[in-house]
Structures are given as structure tokens and as C-alpha cells.
Amino acid sequence: MKLRDYQQRAIDDLYEWFRKSTGNPCIVLPTGSGKSHIVAELCHGALMSWPETQILMLTHVKELIEQNAQKLRQHWPGAPMGIYSASIGKKQLGEPITFAGIQSVRDKASLIGHIDLIIIDECHLVSHKDEGGYRKLIGNLQAINPMLRVIGLTATPYRLGHGLITDKPALFDNLLESVTIEELVYKGFLAPLRSKITGIKFDLSGVHKRGGEFIESELQAAVDNDDKNQAVVDKVISLAGNRKAWLFFCTGVKHARHIASVLQSRGINAECVTGETPKKERERMLADFKAGRLQALTNANVLTTGFDYPDIDLIAMLRPTMSPALYVQMAGRGMRPKSHTDHCLVLDFAGVVETHGPITAVQTPKKKGDGTGEAPVKVCEACNEIVHISAQVCPSCGNPFPAPPPKSMTLRDDDIMGLDGQDMQIKDWKWRKHISRTSGKEMLAVTYYGANLSDKSVTEYFPITHEGYAGEKARRAIAVIANQAGAVLDLMRVRDFEQMADGLSAGQYPKTIEYRQDGKFFRVVKREWA
């Protein structure tokens with residue numbers, strides 16, 4: 001089976017990184033991009049090049065174990081592989097390739113023995129600290145083979161309360177991002193999402209957080225009430241049109257059951273899947289959903305990973321979360337190309353788009369504070385006394401502080417795909433050499449200056465000396481810009497960045513650009529010359 005271009009690119013980038021670096025890399029691939037195909041080719045390529053290699057493929061749910069094993073058999077029908085998973089009912093060791101559930105093998109390092117390569121699917125679940133099942137097993141296997149290498153795969157390379165999974169302390173040393181959601185949507189490998197305003201708000205003012213995430217019992221109490229549930233279901237029905245496969249993400253088991261009950265009362269064939277649902281009953285529900293016998297499924301913390309049904313055309317997000325990984329996993333259920341439509345509608349009652357940004361530019365969670373920051377305070381307007389942020393009355397003069405606005409979350413005009421940009425007329429531009437703080441490599445940067453005084457300057461960066469897809473994409477972009485601007489550049493002989501920058505600055509700047517915010521940076525998505 002031949003890989004898609006971006007899948008082969010990811011493998012090529014991985015091998016290139018291994019040639020120049022030590023440590024453990026993480027391959028970042030959007031949900032629905034076919035990680036299991038890349039895993040299969042990695043296993044096949046490793047054993048073809050190094051026949052004595054022992055590979056352990058790890059993940060946390062049986063569905064992913066089965067998917068990865070199935071794809072390996074498609075790529076390599078005679079693959080020497082075994083499965084070790086109590087939930088699947090198999091405990092096969094001794095083959096060069098073993099697909100395993102971490103819960104089943106976390107204490108089995110001595111039984112597994114020598115391993116050369118560990119591949120971890122959904123590797124953002126690996127603790128950044130030296131603790132937990134994954135780290136325990138890896139540490140014990142490294143004691144057997146100190147040369148053991150680990151490759152991670154994930155669509156969400158960050159952890160709530162920690163930041164990127166490469167932020168120290170961490171198991172992974174670098175992120176290899178060979179493809180973007182935008183590229184996969186453009187090429188038709190993923191379906192875009194569309195969002196609509198719901199007009200229904202969840203009041204979370206009384207919901208506390210633990211470990212950076214909402215406390216589930218308080219969250220469910222705030223969201224799950226009869227009036228709200230009926231209003232949500234009625235709104236979904238009014239906006240759904242002729243969509244045929246609806247998936248609801250709820251705050252907890254009771255909430256999921258209640259939403260399913262309201263759907264049924266409105267004549268919608270719906271059922272509820274939770275972690276308490278018996279295995280055979282769950283399989284029957286999923287089969288009915290995929291066959292069209294069920295129009296809607298509600299769930300609580302179950303169908304975020306390992307569940308793939310391309311024809312899902314409506315997702316109702318009823319679960320507020322501070323976890324960007326959970327947000328992306330929920331949205332990703334609707335991004336497989338469909339047999340009957342070109343998109344999936346997302347109805348965000350939980351305000352997750354507003355919280356985390358579009359899925360093409362999700363805000364990385366911040367690290368927990370180290371206790372060295374400034375104390376949260378406010379100033380009394382009556383006497384200028386500095387008091388703690390939580391004070392309701394000034395302890396010095398008795399002046400009451402105004403009550404904070406209630407915390408409510410709703411989808412406004414947020415674009416879940418992040419593909420809508422802002423237009424700006426340009427009066428000038430300036431190119432310069434820029435040195436990356438992270439890699440130390442030289443690159444080109446350009447700052448666009450708007451025609452209006454109120455316009456902010458927009459700067460974008462081109463890593464033309466980088467290897468792999470990022471460098472290739474930057475060089476192509478510079479070539480196109482230079483041609484449009486009338487600048488003559490020789491990108492095959494990159495020597496003097498100042499000279500290149502001067503040549504581009506002297507060229508004709510665009511009449512307008514379309515740009516959008518991408519984290520703390522900008523991404524220019526369109527340039528138009530006069």
C-alpha cells in the first residue's frame with residue numbers, strides 16, 4: 001500500500017532528524033491524517049533495514065491497538081507481529097513487533113525483554129515527569145537496553161498545566177510537524193468544519209477547577225438541568241437540517257443520558273454511550289450509528305479517541321473544557337471526508353472555540369506557576385489601598401468592589417477552522433535577516449506596514465534554510481513573492497541574507513494582504529499586487 005505524500009514526508013523528516021540528533025522525537029499529525037499507516041511503514045522499514053529490531057507499539061485504548069495492527073497487516077500481510085492486551089483477550093509475546101495496551105504491560109518489562117524501538121500513539125498522555133505507567137515501563141526497558149529509542153505520535157503535542165510535551169522535564173526532545181490541517185483540507189484528505197452561533201450560554205461562575213480543569217461534578221451540576229437540556233436539543237434540531245449522524249459530547253454520564261432522553265422525546269433515534277456501557281451493547285450502538293439506524297449518539301469521555309466514523313456531519317459540544325487536547329480530539333471526530341457532504345457542522349454550546357482558538361491555531365496551555373510571580377491584587381478606587389483580588393470589600397475604607405461579571409461561555413462569531421483572515425492595505429514593507437531563538441538558524445522576515453494609522457504592523461517569517469517540509473514551503477513562498485515583487489533572487493545559493501532582504505525590500509510590495517493570528521505570530525494567507 002502506497003503512502004500519501006505527506007505521510008512519506010513525515011517518515012523522511014523522522015529519518016533525517018535521527019541522522020542528526022539523539023533523543024526521542026514526536027511526530028505531530030492532525031487527527032484523521034492516518035497515523036496508523038505511518039506506524040505500519042515505520043515498523044516495516046525498520047525490520048527490512050535492521051532485521052533484528054524489536055519493536056513495541058504502545059497506546060491506551062484497545063480500538064487504537066486494533067486499528068494499528070490492522071493497518072500493519074494491510075501494508076505487510078505477513079508481518080511478524082503479536083498483540084498483548086487484556087481488553088482484546090490476547091497475550092502474544094516473542095514476535096519482532098508487539099502491539100500492546102499500556103495498562104496490560106506497564107509492569108511487564110522483564111517479560112517483554114530487549115526492545116530497540118518504542119512507538120507511542122497518543123503520546124501526549126505520557127507524563128512529562130518520571131512517573132506513570134508509560135514512564136515506568138520505558139525506564140525499566142531502558143535498564144535492559146540503554147540504546148532504546150522512543151517515537152511519539154500525536155495530534156495534540158501539549159499537556160494541561162505543563163505546556164508542550166517537549167518542555168523540560170520531558171520524555172520527548174523535538175516536534176516534527178510535516179503537515180498541517182490546512183494542507184490536508186486543501187488536498188481533500190480532511191473535511192472542513194463549519195460553526196454556527198447557538199445563542200445558548202452555560203453559566204460557569206460557580207464551577208471551580210482542579211489541576212487546571214473544571215471539576216466534573218460541579219461542571220455537570222452547572223450544565224445539566226432540564227430546561228437547558230431541552231433548549232440545547234431544540235436548538236440542535238433547528239440547525240441540523242438534513243444532517244444524518246449527530247455526535248454529542250457531554251459533561252458526564254448523567255448529562256449524556258439526559259440529553260439522549262430529550263432527543264428521544266423529540267422523535268430522534270438516539271442512544272447514550274459511557275464508560276459504564278457493556279462491551280457488546282457499546283459495539284451494537286456504534287454499529288447502529290454507522291449503519292444509520294441511530295441518528296444521534298451522546299457520550300461522556302468515551303468517543304474522543306479510537307472512534308472513527310467519517311460520515312459524522314454534526315457535532316454538538318456541550319462539555320466546557322480547559323484542555324486544548326480534548327477540544328481538538330472532539331472536533332477531529334468530524335473531519336474525515338464524507339460520502340454525502342463536504343463538511344461537518346459544529347455547534348459549540350460550551351465555548352471551547354472561544355477558549356482555545358480555531359483548531360488550526362490552538363493556544364498551547366501555559367505551565368503552572370512556580371510561585372515566583374506577582375500576587376493577584378487590585379486597587380481600591382476610593383482610597384488606593386492594594387488588596388487581594390478576591391476581596392469583596394476594601395479592608396481599609398469599607399468601599400465595596402463591583403461584582404465581577406458572570407463567567408459564561410458561548411460561540412460568538414468564532415471561526416472554528418481559523419481560515420477567515422483580516423484584510424489590510426499596505427503602504428510599505430521591510431525585509432530583514434532573523435535568527436531563530438529556538439534553532440539558531442537564519443531566516444528571512446518581512447514586516448508589512450498598513451496604510452491606516454490604526455493598522456498594526458504584521459510580521460511573518462520564512463525558514464528557508466530549514467530542512468524538510470517547512471523549509472521547502474518557505475522557499476516556494478519566497479520564490480513566488482520575489483517574482484510578484486520583481487526582485488531577482490537565487491534561492492539555490494543562500495549566502496548573504498542581508499543582500500536577499502535588501503533585494504526583496506526594493507521590490508514592489510503587495511497592494512493588500514490577508515492575514516490571521518496564529519498564536520502570538522501572524523500568518524499571511526494571501527497577497528495581492530496592483
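Which strands does helix α9 lie across? The answer is β15 (246–249), β18 and β19, and α9 (residues 226–240) runs at about 150° to β15. Helices here are DSSP runs of H or I with at least four residues, strands are runs of E with at least two, and both are numbered from the N terminus. Axes are lines fitted to C-alpha atoms, for helices over the stretch in contact, and angles run from 0 to 180 degrees between N-to-C directions. Contact means heavy atoms within 4.5 Å.

A word on the source. This is a predicted model, where local features need pLDDT of at least 70 and side-chain atom pairs count only at 80 or more, while totals for chains, interfaces and linings use all residues. Residues are numbered from 1 along each chain as its sequence is written, and side-chain values use heavy atoms, without hydrogens or water.

Now the sheet. Six strands make an open, parallel sheet, ordered β11-β19-β18-β15-β17-β16. Two strands pair if DSSP finds at least two bridges between them. At the edges sit β11 (193–195) and β16 (270–273), each pairing on one side only. The twist averages 20° from one strand to the next.

Take one pair. β18 (residues 314–317) and β19 (residues 344–348) are joined by four bridges. Ala316 has Leu347 of β19 as its bridge partner.

Another helix, α11 (residues 279–291), lies across β15, β16 and β17 (296–299), at about 140° to β16.

Last, cysteines. There are zero disulfides, a disulfide being two cysteine sulfur atoms within 2.5 Å.
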